[in-house]
Amino acid sequence: MAKAVKVPTLEEMQEYLKLWKADHKNRINDADHAAMHKEMTLRIFAEDMTDDVKLTAWKYCKELAKFAHAPVSPAEYKRVEKWLGETWLIDVLLKACEDYYPDPAFKYNFDTIGFSYSIALISQSNYRRQDCLALLDKITQYYVNTKDDWYTVLLRNMQKLVKTFPDLAPFKTALESI
């Protein structure tokens, strides 16, 4: 029999972070707690989800917490392919990534890895493709207008994926103009 996975609530995550900030020497280093420290996890769990979607989202967030950097190689972009069939997760990520722009100063609690992999997943999703492209356009336009340094991570995403997803070409071109 498979072990039941305990999915924390957003409130439990926020309480954990509050306690950790008060006494960070008592933190537990495991995948659950590492995932709770990620801004993307908090943004994802702020969205309304069914229990089944919460379980999938929690597994996704725990996997992201294991990665040491944003995707760089084609193999790293392939890491998210297994999540492409999780359409409800894509729905949640489209909302969670809306109006969230990584800060190039990498301030405390900023999660460039989670955001980068979420953008990679959205970039490769054929589910709600027009909505995915609309979000990518909005994010691209933000970086074209602000010229914040994080645009290079988004540009790499487009460069690595444009051959398989030619509809990403306008974003690649816009980012290359910076």
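**Close-up views of a predicted model**

**View 1. Helix α4 and its buried residues.** In α4, the buried residues are Val 53, Thr 56, Ala 57, Trp 58, Tyr 60, Cys 61, Glu 63, Leu 64 and Ala 65, as seen in this predicted model. An α-helix has 3.6 residues a turn, so residues three or four places apart point the same way.

**View 2. Ile 44 in the largest nonpolar core.** The largest nonpolar core has 59 residues, and those with the most contacts inside it are Ile 44, Phe 45, Tyr 60 and Leu 168. When residues up to four places away in sequence are not counted, Ile 44 touches Met 49, Ala 57, Tyr 60, Cys 61, Val 92, Leu 93 and Ala 96. Among these partners, Ala 57, Tyr 60 and Cys 61 are buried residues of α4.

**View 3. Asp 91 in helix α6.** Asp 91 is found in helix α6, which comprises residues 87–96. Because its relative accessibility is 9%, and buried means under 20%, Asp 91 counts as buried. Leaving aside residues up to four places away in sequence, Asp 91 touches Tyr 127 and Arg 128.

**View 4. Asp 103 in the loop between α6 and α7.** Asp 103 has its place in the loop between α6 and α7, the latter helix being residues 112–124. With a relative accessibility of 23%, Asp 103 counts as partly exposed. The C-alpha atoms of Asp 103 and Trp 150 are separated by 7.2 Å, although these two residues are 47 residues apart along the chain.

Terms used
Residues are numbered from 1 along each chain as its sequence is written. This is a predicted model: local features need pLDDT of at least 70, side-chain atom pairs count only at pLDDT 80 or more; totals for chains, interfaces and linings use all residues. Side-chain values use heavy atoms; hydrogens and water are left out. A nonpolar core is a set of buried Ala, Val, Leu, Ile, Met, Phe, Trp, Tyr and Cys residues joined through side-chain atoms within 4.5 Å. Buried means under 20% relative accessible area, exposed over 50%, partly exposed in between (1.4 Å probe, protein chains only). Contact means heavy atoms within 4.5 Å. Helices (H or I, at least four residues) and strands (E, at least two) are DSSP runs, numbered from the N terminus.
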